[in-house]
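Dear colleague,

Please find the structure we spoke about below, followed by some notes on what turned up in it.

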Amino acid sequence: MSESTLPAKPPEPEIDPIISGLADFSDRISPMIVKELRQGLRTRTFTGTFLVLQVILGFSMLGAMMADSSNTGQMISSMVFFLFSIVALILQPLRGTAAVATELKDDTLEILSLTRLSTVRIVFGKWASLVSQTALMLAATVPYLVMRYFFGGMQLFSELALIATVFFLSMCLTAVTVGFSCSRSILLRALVPLLLIPFGLMAISSTVFGFQFGLLQEVFSFQDKDVVITFFVSLVLCGYVGYYFLDMGVGRIAAMAENHSFRKRLISLVLMGVVLVILFLNDPAQKMSLFVVVAFACTIGLDVCTEVPVCVPSVVRPFVKRGKFGRMVGRLFYPGWHSGFLLLLILFVVALAIGEVTYVDSSYRRGYTSLGGHTSPTGLTNELVLFIVGMFYTILAPLLIVRIFIKKMKDAFAGYVMILVLSGLLTLLVSLFTGISSGGGDGFVILTSWIPGVWMIFMDNSDKEIGIFLTSLFLAIVSVLLGVLAAREFSNTARLEKAVADDLAQVKE
Amino acid sequence: MSEPAISVQNLYRSFGELQAVNGVSFDVAPGSVCGFIGANGAGKTTTMRIIASLDYPNEGRVTICGHDVMNKPAKVRSLIGWMPDHFGNYSHVTVLEYLDFYARALGYRGKERQMRVQEVMEFADLLPLADRFSNKLSKGMTQRLGLGRSLLHDPEVLIMDEPAAGLDPKARVELKHLIRILAEEGKTIFISSHILSELGEMCDHLLFMNEGRLVHQGDAESLRVHGKQAGVSLYRVHVVGPAEELANWAAMNPNVEFLETLRLGGRIEIDSADPEKAAYLLARMIQDGLKISEFHREERNLEDAFIDLLEATNQPVPNPIVSPPQLPINS
């Protein structure tokens, strides 16, 4: 009887066989990656590329097997690297340009924002899905590399390191294009294939089929410590640029109430610090420090110069809570070009200081430490000063143009990049003119020295002092004007900070 | 009294010079169906987006089941289902995968996720479409998919911005049927449209918005009797012979106004709601020699009532207030 009194367990509802098929991807994988993979693996771009790659590699292998040459192994290597590089460094990154843009176009991001997916998971998920597809392509080329081993003459470690590097560069390039895809500007996104296809093809062809393939293999044997450090610092920089572009994309599509600038800028500064410490500890590679700072400044500059100053309590509150120190830190980390401008000025000073310190001639330094005698450092050369001043002028001048002439433009990033591109083209024209003119070229360069980029022409000139003077003058003018504009933005921020501080005080009471 | 499902207090939102929402306040009771009516550009979508935590107000407070939208957006998002007027679907993703993606994004795992997807697909009749690509659906199917998606996390409040816009009559009937079922289940539904009569049929409460302001709230009947037209009644009169006879007769009777000519007669307005007055006038018409073949009272339609209301409150009359195509009876 007792058995019959037990409550009957309710039958589990049956799941339709159609729906039970939804277990194809684990719950542990991010929803965005699952969705993107389902979409991406079905696109003609992926299936077409995959099949064409297999067919070409198959035929190449057959051809190589039939050819009676002592160089067959090298030929197969070149072919595999050439094809994989085109796929990984051109085609896959190009797919990234549509990643977030399609969501923007179809108004699906807003619906996504109501779920538990953050903008970081959305953008990084899209990137991870594209990288996974590149990994599938890589896996498909591995059998050909294994077969190539039997043709002899293979430097296994070098070739594996090379293919891993290509894959890593593909990850970085894809990150950059996915970051670009967060812009609503079609013109800006069209710029990516225009630059990537010709330059990418040229670089890959010359590397693989030119003399540099053998050289690359030598580099990847990692015999020279200097080369190893330079190689890894370059990889870190590439990885950083990729990360930064992705996070920049996140900031572009995130809600205004979220502060993504703090994380981006802090990570950049910490990473820069770590790289500088590593370089300082390795004497021969120290000279790279200046270029590392400038590379970080350029990447940060591209983002911060195009950020909209956001004045909402949720952004200011965490800084105000920490009192005066918090507010001071906020001056460098609030979203917006005004705080970014301050950060760039600090980086400018840092770059000059690093250049001054690291450009001590290495023989003097050794003499100083071992003998304890006095030697004066060589410090910054004119060329380096012009380089630093010129780079910062190139970063800041378009910002001033954007803030004065096109400040109502919805996508300031697109405007900023277009001004940079235009400056590049103008610089090229000036350079061509001075190249073909006889005698009058120098005057023309001086007349056009206000164009960001023209300072590079002074680098080839014997009279670099004029270049330094003019570029510094323009940089000073631009900085003062931007300072005035930034002060206005900071006064708005200060008012909000005060209101938030009053609110916090009321809550405490 | 229970806490309102949606409470909007003194809401303001401007875009540059444009004041999109201008001091709007209202409450929506839990378990009710509330219609939000206004012409394009009246401020409906902006208000709804603020309620759905997708936009922020310049001033004012919005709560969903007592939770502040600005301070607790994550909590509010778990309580609401949002169905925008337009949303794109993904290419190369089937209906089933679309819902699975959103179920994953909402935090459902394993069997629970499959169960939620199944329930929603059964409710919105999406199982036959499971393998269809989501971007290849008709507008009606897409709206059902959107409704299914917004119901995945079983929200307390469903916010629907013009869900019937662009649907054919059959799809509109299906959508109304689903909304009725949800209302019977006790969900609070906040639905906007510029098709007044459609909302009048299914809403317990109507909010009328014009140029960023709330101009009236109540049920459909309260709108019909509101304003300058309260106390008048409309009659459709068919006559044998030319309609001019009816118009001439109306001109000679001070309590009657001839409104428009119809194929077999015309519409007249009598300045009284008393049926006895109508009976008296009908007798007069026959006595005066009019050959009446049909005489019946007409309900005042919501579009007319809304325009009268705006005129009465000196508000500019929006253009266009759309009349829907005729729906089958007992939809």
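The charged end of B:Arg13 sits over the ring of B:Tyr56, 4.7 Å from the ring centre, where a charge counts as over a ring if NZ of Lys or CZ of Arg is within 6 Å of the ring centre and within 35 degrees of the ring normal. A:Lys35 likewise lies over the face of B:Tyr90, at 3.7 Å from the ring centre.

This is a predicted model, in which local features need pLDDT of at least 70 and side-chain atom pairs count only at pLDDT 80 or more, while totals for chains, interfaces and linings use all residues. Residues are numbered from 1 along each chain as its sequence is written, chains are lettered from A and ligands numbered from 1 in the order in which they are written, and side-chain values use heavy atoms, with hydrogens and water left out.

Over all chains there are 21 aromatic pairs, meaning rings of Phe, Tyr and Trp (its six-membered ring) whose centres lie within 6.5 Å, with planes under 30 degrees apart counted as stacked, over 60 as edge-to-face and the rest as tilted. One of them, A:Phe387 with A:Trp455, is edge-to-face, at 6.3 Å centre to centre and 70° between the planes. A:Phe387 counts as buried at 15% relative accessibility, as does A:Trp455 at 3% (buried means under 20% relative accessible area, exposed over 50%, partly exposed in between, with a 1.4 Å probe and protein chains only). A:Phe262, A:Phe319, A:Phe333 and A:Tyr334 form one aromatic cluster.

Best wishes
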